[in-house]
Amino acid sequence: MSATGQIFIEALDLYAYHGHFAEEGRLGQRFSMDLVLDCDLRTSSVSDDLSDTVDYGEVVALVTRTFSARRFKLLEAAARALADAILAQYPPVTRVSVTLRKPSPPIPGRMESVGIKLDFQREA
């Protein structure tokens, strides 16, 4: 049987100091993100052993460290840094989808959030 799978982390909320405007760097704001990691889950689906899969708890810790390590002006750059860190740390992951949202963007108008979604694939 051929099977792949996805590990997903939805609505991870982190507070950080990212953004183009000086106020965003000074005051900070809340960000929300979704991550989808494509990987082969066949072995862990049979073994029922955490060591045979990608530990999403460790992924959350890595993402939190990476997202807080430096200030990003653009969500696109932050998404790339997150994907690069995941792909470097977890060889079984072949593709990463990152959705980043600013729930309270510093722009006029009423909206739930603004954001971006980018997909990154491991280079062959």
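**Notebook: sheet and helix packing in a predicted model**

I started at R101, whose bridge partner in β4 is G115. This is a predicted model, in which local features need pLDDT of at least 70, side-chain atom pairs count only at pLDDT 80 or more, and totals for chains, interfaces and linings use all residues. Residues are numbered from 1 along each chain as its sequence is written, and side-chain values use heavy atoms, with hydrogens and water left out.

**Entry 1: the sheet**

Strands here are DSSP runs (E, at least two residues), helices are runs of H or I with at least four, and both are numbered from the N terminus. Two strands pair if DSSP finds at least two bridges between them. I noted eight bridges for β2 with β3, in the antiparallel sense. β3 (residues 93-102) also runs antiparallel to β4, again with eight bridges. On that side I saw T99 opposite K117 of β4.

I then wrote down the whole sheet: it is open, has four strands in the order β1-β2-β3-β4, and pairs antiparallel. Which strands are at the edges? They are β1 (5-16) and β4 (114-121), each pairing on one side only. On average, neighbouring strands are turned by 15° against each other, direction ignored.

I checked burial next. Buried means under 20% relative accessible area, exposed means over 50%, and partly exposed lies in between (1.4 Å probe, protein chains only). β3 is mostly covered, with seven of its ten residues buried.

**Entry 2: helices on the sheet**

I looked at what lies against the strands. Contact means heavy atoms within 4.5 Å. Axes are lines fitted to C-alpha atoms, for helices over the stretch in contact, and angles run from 0 to 180 degrees between N-to-C directions. α4 lies across β2, β3 and β4 and runs at about 150° to β3.

**Entry 3: α3 against α4**

I took the two helices together. The axes of α3 (residues 56-68) and α4 (residues 75-89) come within 10 Å and cross at roughly 135°.

I listed the contact residues. α3 gives V59, L62, V63, T66 and F67, and α4 gives A78, A81, L82, A85, I86 and Q89. They divide into nine nonpolar, two polar and no charged. Nonpolar covers Ala, Val, Leu, Ile, Met, Phe, Trp, Tyr, Cys and Pro, charged covers Asp, Glu, Lys and Arg, and the others, Gly among them, are polar.

**Entry 4: Q6**

I picked Q6, which is found in strand β1. Is Q6 buried, partly exposed or exposed? Q6 is partly exposed, because its relative accessible area is 48%. Leaving aside neighbours within four places in sequence, I found Q6 in contact with V36, L37, D38, L41 and R95. The C-alpha atoms of Q6 and V96 are separated by 9.4 Å, though the two residues are 90 apart along the chain.

**Entry 5: the whole chain**

The protein has four helices and four strands, running β-α-β-α-α-α-β-β from the N terminus on. Its C-alpha atoms fill a box of roughly 50 × 25 × 25 Å, taken along the principal axes. Of the 124 residues, 39% count as buried. Among contacts with a separation of 6 or more, 61% come from residues 24 or more positions apart.
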